[in-house]
Amino acid sequence: MPELPDVQVFREYLDATSLHQRIARVDVRREKVLENLSARALQQRLAGRSLESTRRHGKHLFVRVGDDGWLVLHFGMTGYPDYSSAEDPPRHTRVLLRFDNGFHLAYVSQRMIGRLDWTDDPGEFIERHRLGIDALDDRLDAGRFREAIGRKRGSIKSALMDQGTIAGLGNVYTDEILFQAGVHPRAAASDMDATTLTEIHRQMRRVVQSAIKARAQPERMPKDFLTPRRGADDATCPRCGKPLEREKVSGRTAYFCPTCQAMH
Ligand SMILES: [Zn+2]
């Protein structure tokens, strides 16, 4: 599922491919992915204009259209953007922006959980959807992090995944952050001492930045990361070599090392 690092990579991809080109027309193949706007309204807002700049907040990508407003992209579980001149866009393309130069930008979403929305003001959108501060925002220093996370009820993993507190982290990267910090995913957030919370904050920034540097590709991530080992039945801990454990935490499958991340 696209989390902050993935969406940041999508943003850089859009910046490198799709800006400042006139949009000739828009094909909406599944109107279901449009939130608060019809296919016709989207067509009217995009045709004849161009994408001018991008912004990211958590897992949301905002794309400025002309000087009218912003297209908001959320990629759900499996979504991604695809820019090409191929005759056939990828399977599961839901919306296609066709540029004058013969290329197109596809919004691909197999499970159609992702959404395209529109806003005149990203700040207002963020507020209305009650999104917390972005995980990479400089204002989210260790002190503010400790204050926000230390007062959450429930597990540390669900506290980190709560988009209303910190925006951008999901199942995969919270597992990685907690592995790097040596903290059990089910440990109670409110039980953490300041040293542990400070370490989780440090690892949050380090993991997210490393993942962006690796273009969000597990095989390009550092050797001591857990993420590339997810999914395999016989996955072992990159640190101690013992088998990793899988457990449902807040409805998601958490991976962790019971030795390196012992419950205290
Ligand atoms: Zn281990």
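Two salt bridges are counted between domain 1 and domain 2; a salt bridge here is a side-chain nitrogen of Lys or Arg within 4 Å of a carboxyl oxygen of Asp or Glu. Before going further, note that this is a predicted model, where local features need pLDDT of at least 70 and side-chain atom pairs count only at pLDDT 80 or more, while totals for chains, interfaces and linings use all residues. Residues are numbered from 1 along each chain as its sequence is written, and side-chain values use heavy atoms, with hydrogens and water left out.

So much for the ground rules; now the domains. Domain 1 covers 4-128 and domain 2 covers 133-256, with bounds that come from an automatic or database domain assignment. Their centres, taken over C-alpha atoms, are 29 Å apart. Domain 1 puts 11 residues into the contact and domain 2 puts in 16 residues, contact being heavy atoms within 4.5 Å.

How much area do domain 1 and domain 2 bury between them? It's about 1,000 Å², with 65% of it on carbon and sulfur atoms. That figure is the accessible area (1.4 Å probe) that the two parts lose on being put together, summed over both. Between the domains there are also four residue pairs in polar contact, both residues at pLDDT 80 or more. A polar contact is a pair of N or O atoms within 3.5 Å; within protein, one must be able to donate a hydrogen and the other to accept it, and residues adjacent in sequence count only if both atoms are side-chain atoms.

Across the whole structure, the search turns up 17 salt bridges. Here are some of them, with the N to O distance.

| Glu12 | Arg215 | 2.9 Å |

For burial, under 20% relative accessible area is buried, over 50% is exposed, and in between is partly exposed (1.4 Å probe, protein chains only). Asp137 is buried at 17%, whereas Arg139 is exposed at 59%.

Last up is the metal. Which residues hold the zinc ion? Cys237, Cys240, Cys257 and Cys260 coordinate it through their SG atoms, at 2.2 to 2.4 Å. Donors are N, O and S atoms within 2.8 Å of the metal (3.2 Å for Na, K and Ca); water is not among the atoms, so sites may look incomplete. Along the chain, the donors follow the spacing C-x2-C-x16-C-x2-C. The arrangement is tetrahedral because the angles between the four donor atoms run from 102 to 114 degrees, and four donors count as tetrahedral if all angles lie between 85 and 135 degrees. Cys257 is buried, at 0% relative accessibility.

Definitions and conventions
Four donors count as tetrahedral if all angles lie between 85 and 135 degrees; four count as square planar and six as octahedral if opposite donors are over 155 degrees apart and all others between 65 and 115; anything else is irregular.
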